[in-house]
Amino acid sequence: MIKAPILPAGSHQIDVVDMHTAGEPLRIVVDGYPPLTGDTILAKRRDAMENHDHLRRILMLEPRGHAEMYGAIVTEPCDPRADAAVLFMHNSGYSTMCGHATIALGRYLIDQAIVPKVEPKTDFVLECPCGPVSVSTEITGGRAATVSFESIPCFADRIGATTQVPGIGALTYDIGFGGAYYAIFPASEIGVSLATAPMDDLHRAACAIICHLRETISIQHPDDDDLAFLYGAIITDEGAALRGGRTRNLCVFGDGQVDRSPTGSGISARIAVDAAKGSIKVSDEREFAGLTNQSFVGKFLREKSDGIIVGVSGTSFYTGKSSFVVEANDPLGEGFGSIERLSDFS
């Protein structure tokens with residue numbers, strides 16, 4: 001009989017549950033992370049960044065994570081309307097909104113009875129760094145199934161902006177806010193087809209554009225400076241979104257991570273941009289596919305004075321659970337980063 005392993009003295013253990021949504025991973029911290037301090041979710045985010053970032057590195061970076069890992073820290077909400085709160089983390093830091101993670105948490109929080117299950121549909125509010133998000137989870141056969149969420153107010157920040165990107169040339173792009181800011185442009189703007197271009201070419205172009213825009217443009221969020229930064233770039237296919245129906249995109253975010261999913265907050269930003277252009281109207285919905293060709297559905301739900309509300313739905317699945325160990329004398333205990341990231345394009 002195999003006995004449970006005896007951990008070395010002085011080692012630190014972190015327990016996690018892993019899920020994926022349309023192929024994009026989510027590592028949810030279960031135990032081994034200290035309580036976060038702060039009167040707001042953004043204050044807790046700063047606490048995580050300033051005082052506990054080594055735990056992010058342990059879980060996201062190699063050898064326990066990988067270049068495209070994504071994670072979630074479930075914490076007590078500060079907003080009295082919320083049933084739970086979350087911080088999103090990835091290979092290079094902390095994001096303000098994440099749709100694929102919200103879809104996964106819509107299942108996980110119910111399965112773990114953190115949010116009480118109500119059949120046939122469980123509604124709750126998840127406090128995210130960008131604001132409170134309404135989540136609705138279908139319950140089928142007693143189990144959580146399809147998850148939908150309503151975005152915070154989303155809007156177009158720039159439409160038809162132009163720039164000259166070193167090594168690429170002239171670029172016309174839009175910027176949309178869907179809980180995070182994205183530069184959005186069709187693949188034809190970089191002289192390729194999304195369907196046929198090599199992934200390495202798409203990735204390098206997106207990284208170069210993100211790096212260039214972060215250095216040359218200023219973003220101001222109307223409510224909070226902590227949200228005022230360009231999170232990533234979304235390369236779209238040609239014309240499918242304007243015709244309705246199914247459209248594909250590739251999202252590169254953070255320090256060059258490639259999202260396998262259609263990107264929930266990116267869908268919200270895309271719909272906000274299309275609404276500003278007049279190419280989508282209230283109650284229209286579209287199917288968005290990402291790198292794995294698995295889809296989310298995005299819907300223009302309603303207008304508000306400070307933006308539009310977008311609905312996004314999808315499904316998520318469990319992939320495992322782990323107990324990670326960090327020995328005190330491990331020189332790579334806090335992880336090491338990927339070789340090719342945005343710093344290579346600056």
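Author: Buried means under 20% relative accessible area. The model discussed here is predicted.

Reader: What makes H3 largely enclosed by the rest of the structure?

Author: Its burial count. 12 of the 13 residues of H3 are buried, so the helix is largely enclosed. Among them are Gly99, His100, Leu105 and Ile110.

Reader: Why is Arg107 called buried?

Author: Arg107 has a relative accessible area of 8%. The cut-off is under 20%, so a value of 8% counts as buried.

Reader: Why does Asp111 count as partly exposed?

Author: Asp111 is at 34% relative accessibility.

Reader: What makes the contact of Glu287 with Arg246 a salt bridge?

Author: The closest N and O atoms are 3.1 Å apart. That is within 4 Å, so the contact counts. Glu287 lies in strand S15 and Arg246 in strand S13, so the pair ties together parts 41 residues apart in sequence.

Reader: Which parts does the salt bridge of Arg286 and Asp274 tie together?

Author: The side chains of Arg286 and Asp274 meet at 2.8 Å, N to O. Arg286 lies in strand S15 and Asp274 in helix H6, so the bridge ties together parts 12 residues apart in sequence. Both residues, Arg286 and Asp274, are buried.

Notes. Residues are numbered from 1 along each chain as its sequence is written. This is a predicted model: local features need pLDDT of at least 70, side-chain atom pairs count only at pLDDT 80 or more; totals for chains, interfaces and linings use all residues. Side-chain values use heavy atoms; hydrogens and water are left out. Buried means under 20% relative accessible area, exposed over 50%, partly exposed in between (1.4 Å probe, protein chains only). Helices (H or I, at least four residues) and strands (E, at least two) are DSSP runs, numbered from the N terminus.
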